[in-house]
Amino acid sequence: MIHTCTLEIRCDTVVDTSKLENEAVIPYVPANGVILATTEVEYTPGENVFEVLKRVTRDQGIQMEFRDDPLYSGAYIEGINYLYEFDGGTLSGWMYKVNGQFPNYGCSQYFVEDGDEIVWMYTCDLGRDVGDNSTW
Amino acid sequence: MVTDAYSVREGLGEAAAFYRSHPLLNFSYFAIVIGVTMFAMHPVFLLSSFFMAWCYSILLRGIKAIRFNCLVLIPAILLMTLFNTLNVHNGVTVLFYLNDNRITLEAIIYGLASAIMLTSVIIWFSCFSVIVTADKFIYLFGRAAPVLALTLSMIMRYIPLLQHRFREVAAAQRCMGRGLKGSSWIKRIRQFGKEVSILIAWSLEASIESADSMEARGYGLRGRSSFHLFRFAGGEKVLLAAILLLGGAVVAACAAGSMSIYYYPAILLPRFTVLQWISLAAYLGLMSIPMVLDMRGIHEWKLSHAAM
């Protein structure tokens with residue numbers, strides 16, 4: 001049986017490139033804010049969000065950098081498509097939501113289920129500007 | 001350039017004209033140059049500091065400075081380039097993939113740049129250690145921070161002292177027939193350990209005596225004066241003003257971002273405008289002040305010798 005989920009990567013919050021501190025990234029920010037449009041991907045059961053992201057970005061030729069961080073019990077995404085954490089200020093970084101909700105734990109801990117819609121978003125405000133009001 | 005006073009092999013050392021300048025000049029020069037070197041990552045400024053550091057270290061310390069500099073440069077390049085390339089995967093130009101991670105050209109170049117920056121700083125520090133001696137340090141900081149000045153001067157004294165003592169210990173052990181050469185591996189390691197423990201015991205006892213004697217003489221008390229002959233000679237006030245002015249210009253240019261460069265994702269150099277040329281000229285001028293002084297000192301020495 002084939003298991004599928006969808007993956008999308010967006011950076012709408014930095015389309016207005018004046019927020020970026022690192023000027024060299026500006027040519028690599030897509031004008032519409034879409035780094036990867038919603039794509040349906042196959043996954044094998046037992047894979048987590050991080051493994052899906054790593055595979056898809058490698059296949060599509062999108063740069064992605066991660067590190068192993070015990071604070072997140074696994075992988076922590078530092079940058080996608082040359083857009084790194086802290087490039088948009090001290091509160092900026094990458095967050096992911098599944099089926100419209102931010103799990104707020106490390107992406108190696110979320111195991112993908114059939115039909116999940118995974119969206120990776122770049123935030124400049126610890127999640128507040130992309131709709132994550134869970135912690136505040 | 002071989003004269004009686006200056007041999008290329010040994011370098012100028014403490015015969016340098018800059019050595020005889022007022023400590024304030026020495027310290028402010030090195031503080032500004034080393035400080036700016038750490039922050040100016042633009043290749044032109046980086047390489048000019050690197051080049052000047054090499055020149056000055058060879059002038060002061062002679063041919064053996066080349067060996068020291070290379071001993072610092074080569075491991076720095078290898079380690080930092082390797083470390084940066086394997087840990088940072090940012091960068092547009094992908095050379096190859098290693099275990100899902102990108103090895104990029106920008107990471108290699110940044111590693112090289114950091115290595116050159118680190119080496120320049122270390123070479124400048126080696127020149128600093130020739131020019132700014134312990135008594136100059138105590139003179140500069142004795143009033144404001146006596147304990148700090150004392151600690152730093154003791155550190156500067158202890159490293160060559162420990163080397164000298166270790167050589168004595170090793171020589172004594174050799175005379176007693178317990179030399180390091182010739183025995184098996186295990187025996188040599190044990191003998192080395194024994195020599196290190198002798199060195200430590202000797203140094204600890206000596207430092208206790210030293211501490212008692214220094215306390216008895218009032219070291220570390222605020223306001224303790226030390227004898228010094230540091231006076232501002234004729235043109236030195238002008239020279240100090242020149243150092244501070246040029247230094248200030250360079251620091252201001254650095255703060256304004258004219259020496260910055262972006263390495264990731266692609267290498268972005270700011271356009272080289274008139275401002276950059278001016279700051280480069282100021283930077284080169286600042287760094288060459290001691291070398292000009294020392295060359296003039298050598299020239300005057302040769303003239304005075306010829307007149308005899």
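Tutor: A nonpolar core is a set of buried Ala, Val, Leu, Ile, Met, Phe, Trp, Tyr and Cys residues joined through side-chain atoms within 4.5 Å. Buried means under 20% relative accessible area, exposed over 50%, and partly exposed in between (1.4 Å probe, protein chains only). This is a predicted model, where local features need pLDDT of at least 70 and side-chain atom pairs count only at pLDDT 80 or more, while totals for chains, interfaces and linings use all residues. Residues are numbered from 1 along each chain as its sequence is written, chains are lettered from A and ligands numbered from 1 in the order in which they are written, and side-chain values use heavy atoms, leaving out hydrogens and water.

Start with the largest nonpolar core. It has 55 residues. Those with the most contacts inside it are B:Tyr29, B:Phe30, B:Tyr56, B:Leu60, B:Trp124, B:Ile131 and B:Met259. Five helices of chain B each give two or more residues: H1 (23-39), H2 (43-61), H4 (105-131), H8 (236-255) and H9 (274-307). Helices (H or I, at least four residues) and strands (E, at least two) are DSSP runs, numbered from the N terminus. H4(B) supplies the largest share of the core, 11 residues.

Now zoom in on B:Ile131. Leaving aside residues up to four places away in sequence, B:Ile131 touches B:Phe18, B:Tyr19, B:Asn26, B:Phe30, B:Tyr56, B:Leu60 and B:Lys136. Contact means heavy atoms within 4.5 Å. Another core lies apart from the largest one.

Step back to chain B as a whole. Its secondary structure comes to nine helices and two strands. From the N terminus, the order is α-α-α-β-β-α-α-α-α-α-α. Of the 308 residues in chain B, 39% are buried. Among its contacts with a separation of 6 or more, 76% join residues 24 or more positions apart. Along the principal axes, the C-alpha atoms of chain B fill a box of roughly 65 × 60 × 45 Å.

One helix pair deserves a look. H5 (residues 134-141) and H6 (residues 146-175) of chain B pack at about 170°, with axes 9 Å apart. H5(B) is therefore roughly antiparallel to H6(B). From H5(B), the contact uses B:Ala134, B:Phe137, B:Ile138 and B:Phe141. From H6(B) come B:Pro146, B:Ala149, B:Leu152, B:Ser153 and B:Met156. Axes are lines fitted to C-alpha atoms, for helices over the stretch in contact, and angles run from 0 to 180 degrees between N-to-C directions. Under 35 degrees counts as roughly parallel, over 145 as roughly antiparallel, 65 to 115 as roughly perpendicular and the rest as oblique.

Next, the interface. 15 residues of chain A are in contact with 15 residues of chain B. The two chains bury about 1300 Å² between them, 50% of it on carbon and sulfur atoms. Buried area is the accessible area (1.4 Å probe) that two parts lose on being put together, summed over both. On the chain A side, A:Arg58, A:Glu65 and A:Tyr82 lose the most area to chain B, together 39% of what that side buries.

A:Tyr82 has a positive phi of about 65°, although it is not a glycine. It sits in the loop between strands E4 (74-80) and E5 (83-84) of chain A. A:Tyr82 is buried, at 8% relative accessible area. Back in chain B, the peptide bond from B:Tyr264 to B:Pro265 is cis, with omega near -15°. B:Pro265 is in the loop between H8 and H9 of chain B.
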